[in-house]
Amino acid sequence: MFRSLFLFDVTFWLYLAAMGLYFGYIIASRKALQPAVAGHPAGTTAEEGSWADTLGLLATWVTFFGLIVNGMALGTRAYERMQISGTFAPWSNQFEAMAYVSFAIIAGYLLLELKYGIKAIGAFVVSIGFIAMGAASLLPYRYQTAEPLVPALNSYWIYIHVSITLTSYAAFAMAGGLGVMYLLKERAERRGMAATSVYATFPSLEKIDELGYKAIMVGFPLLAFGTILGAMWANYAWGGYWSWDPKETWALIVWLIYGAYIHARMNRGWEGHRAAVYQIFGLLMVVFCFWGVNFLLSGLHAYA
Amino acid sequence: MNRLTVRAAHLYDEMFFQFQTTYEMDAITKDTEAAKPFTFKEFGDALLEFFSSLKLAIFLMITLAILSTVGTVIQQGERPEVYIKEYGESAYWWFVKLGFIDIYHTWYFSTILVLLCINSLTCFNQRFPAIWRSIRQDKVNVTAQFIQNLKRSATVDLAAERGTVTEDIALAFAERGYRVLVNKGDAETTLYATKGIMGRIAAHVAHLSVTVIVIGGILGNVIGFRDFGVCLEGETYHIPQGNFDLHVDKFWIDYYDNGAVKSYNSTLTVIENGESKLTKTITVNDPLVYKGIWFYQSSYGDSWDRVEKARVVVRDKTTDKVVGEAILDWKKEAVLKDLGLKLLLTDFVADFGFDAKDRRVYSKTVEHENPAIKLAITEREQTLTAPWIFYNYPDLFDIQGSKYKFELTGYLAKKFTGLQIAKDPGVLLVWIGSTLLVVGVTLSAVIYHRRVWAKVVPGRQGVTVYVGGTAYKGQIDFDREFDRFTERLKARGNYTV
């Protein structure tokens, strides 16, 4: 009955493969770099036709293919929803929302790779996309199927409010992955192994830091927009634009946390290490907002 | 103080870096405070500086986040029993003291919100004028030393004429969307290129929007209202806030094929001065609006003080055999001819309670825990008492003077539609503020302010170019742009970036 479930399954395995390939890529790059001249810029000495290049190329293509299948899965789910209840938003329950978040994370990562060409980031960001997809597939079957929408959700607002909010989560997830990467690279530098070990293909600390900041600068306006759209929806459905429902309050909390981060960065002390730790903390808060609120706190958003 | 020396070069450019150097400026103010007697103006400046500081902004946002978290962990606005059961008596006492059971309406929560407004407004007041001025009058003439101290800088010797080099640099930046100003001196030429000041302005628009939203919220709280009405089909209700009446024509539920609820619907008619003004079927996502008052489909349920129908079984007292059955309509007399009975269903309670003081029967809760009907019995033209008949406890009372026993074996509760009735005159301001917020935050996140200075002076080969620049945000993209520019400048012949 649910053809999309098969495609979601395929997506899961493709992302797993992509993650493995990206890790393979950074491990293989280490070997290629060992004979490199000390002080030579990282990432440019890999011999032509080396394992690393092959793995890197494969990783990118498998990720891209995974994205396509993920998109097809969401599209098929949209069609199935249309058959069942006449609405098509393929992010109408927890499972679909997470599958959409992983789609957004992977799409965001591929854009990043296209623009900056730093494959090592894939090991971290694609992993988060994979974890989102994996966690979705761990949900019980009854959460994975497309049930008709409850009356409160049956509105055109679901298309725009939910998708935009989820996209902001994806951006914050990328920032969190970059934060982890920063801390690892930093530790390697402290131990003096940044140039020779698997960290060789990692971009400079400054670059990781800046990319993390950029990811948050994408997520921050999106979350503001998504939350305000939610308020507009609430004004039609719940009898008021703000009810301090746990979900909307947590969206505000997350937004304030990143707002504080953006302001703190105006001062130099909040770049680098502290920012990386904060990005990871922020991601944990997003995960709570996305998951914890639905499963631990009761409220108007308890639809899943 | 270390940071101060490191950043001395940047302080030189105070007009733009004012925002980033708040802490350093704070430190300076503090030093002078002790030395000199305090003037009123200095005090005012220090106060403004404090209220507009980044530190305060961060502190307020984090505090607001923490307080909001408390409000989501501890359930808000519940009955005392709920808290006592979960957290214990003493914890509940503290919750009440600290306002944790309605944290979003406590004085300290409101204070933080107001402080956040003051913070963003003073920030606007302190920093915006400089940004605004810089649109018109930017610092073009700078020294080579200044350029070399910028975050990114390069020095390039070129065998070319000053005029062509200047023109090429100007063109390169103009093509990238920069606004280029050239100051041609006798011996040297200074170029200034800038882009994306809009991003800085947008950030301040976002700051102002916070206050707009908060004012909208306060307005709604002060002159708006939010009520909940339990309304029955066929009844008319007066809405005093709008001085009109609301008639509930119909309430019904639509289902999907699999039995899940598709929508709750109420058809409502607005009646003003005896005239029907407006009829609309509202659903959960589609309220009725009349004279600024919104009617939302909020809930529904079984009425606790009336039924549509009730089924009463009549038994003979002596034989205990069923001798008759009647389906009674609400407040309509039913006649059982062969038993010589007339029955009238006069009242219903869902959860029987008795107020001994007022000698009044009422429903303790809205749940159908202990339903009972009041039955007026006329037997052989003789009016007997009207006893309460309990659904859960048949045969509780003996009805004197009657041959029969009456049992309530079933009833069809009247459905009510729960309407949320609200008026919020602040909502328009909230939407205006929200729009400004989204536009401001988006633009300031997307548009990065960048500035580049270049100085072309006579050099060994022909000219020496000092070029340097800073980005307010988005350093990584600026770095790429700057590197590409300097590489091509060095390669000569092709200045296009």
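A: Happy to. Keep in mind that this is a predicted model. Let's begin with a pair of strands in chain B: strand 6 (residues 244-255) and strand 7 (residues 261-272) run antiparallel and are joined over ten bridges.

Q: Which residue is the bridge partner of B:Trp252 in strand 7 of chain B?

A: That's B:Asn265.

Q: Which strands make up the sheet, and in what order?

A: Read across the sheet in chain B and you get 5-6-7-8, four strands in an open sheet with antiparallel pairing. At the edges sit strand 5 (236-239) and strand 8 (275-282) of chain B, each of which pairs on one side only. Ignoring direction, neighbouring strands in this sheet are turned by 25° against each other on average.

Q: Now to helices. How do I describe two that pack together?

A: Two packed helices are described by the angle between their axes and the distance between those axes. Take helix 7 and helix 8 of chain A: their axes come within 10 Å and cross at roughly 150°. An angle over 145 degrees counts as roughly antiparallel, and therefore helix 7 and helix 8 of chain A are roughly antiparallel to each other. The crossing of helix 7 of chain A past helix 8 of chain A is left-handed.

Q: Which residues make the contact between helix 7 and helix 8 of chain A?

A: From helix 7 of chain A, look for residues including A:Phe220, A:Leu223 and A:Thr227. On helix 8 of chain A, the residues include A:Glu248, A:Trp255 and A:Tyr258. By type, the residues of this helix 7 to helix 8 contact in chain A split into eleven nonpolar, three polar and one charged.

Q: How many residues does each chain put into the contact between chain A and chain B?

A: Chain A puts in 38 residues and chain B 44 residues. On the chain A side, helix 7 (205-237) and helix 8 (246-264) each supply at least two residues. Helix 7 of chain A gives the most to that side, with twelve residues. Sorted by type, the chain A side has 25 nonpolar, ten polar and three charged residues.

Q: Last one: is chain B as a whole spread out or compact?

A: Start with its make-up: chain B has 14 helices and 21 strands. Its radius of gyration is 39 Å, well over the 23 Å that the globule rule gives for 497 residues, so chain B is more spread out than a compact globule. Along the principal axes, the C-alpha atoms of chain B fill a box of roughly 130 × 55 × 45 Å.

Definitions and conventions
Residues numbered from 1 in each chain as written. Chains lettered and ligands numbered in written order. Predicted model: local features only at pLDDT ≥ 70, side-chain atom pairs only at ≥ 80, totals over all residues. Pairing = 2+ DSSP bridges. Axes fitted to C-alpha atoms, helices over the stretch in contact; angles between N-to-C directions. Contact = placed C-beta atoms within 7 Å. Nonpolar A, V, L, I, M, F, W, Y, C, P; charged D, E, K, R; others polar. Parallel < 35°, antiparallel > 145°, perpendicular 65-115°, else oblique. Left-handed = near helix turned anticlockwise from the far one by under 90°. Rg over C-alpha atoms; globule rule 2.2 N^0.38 Å.
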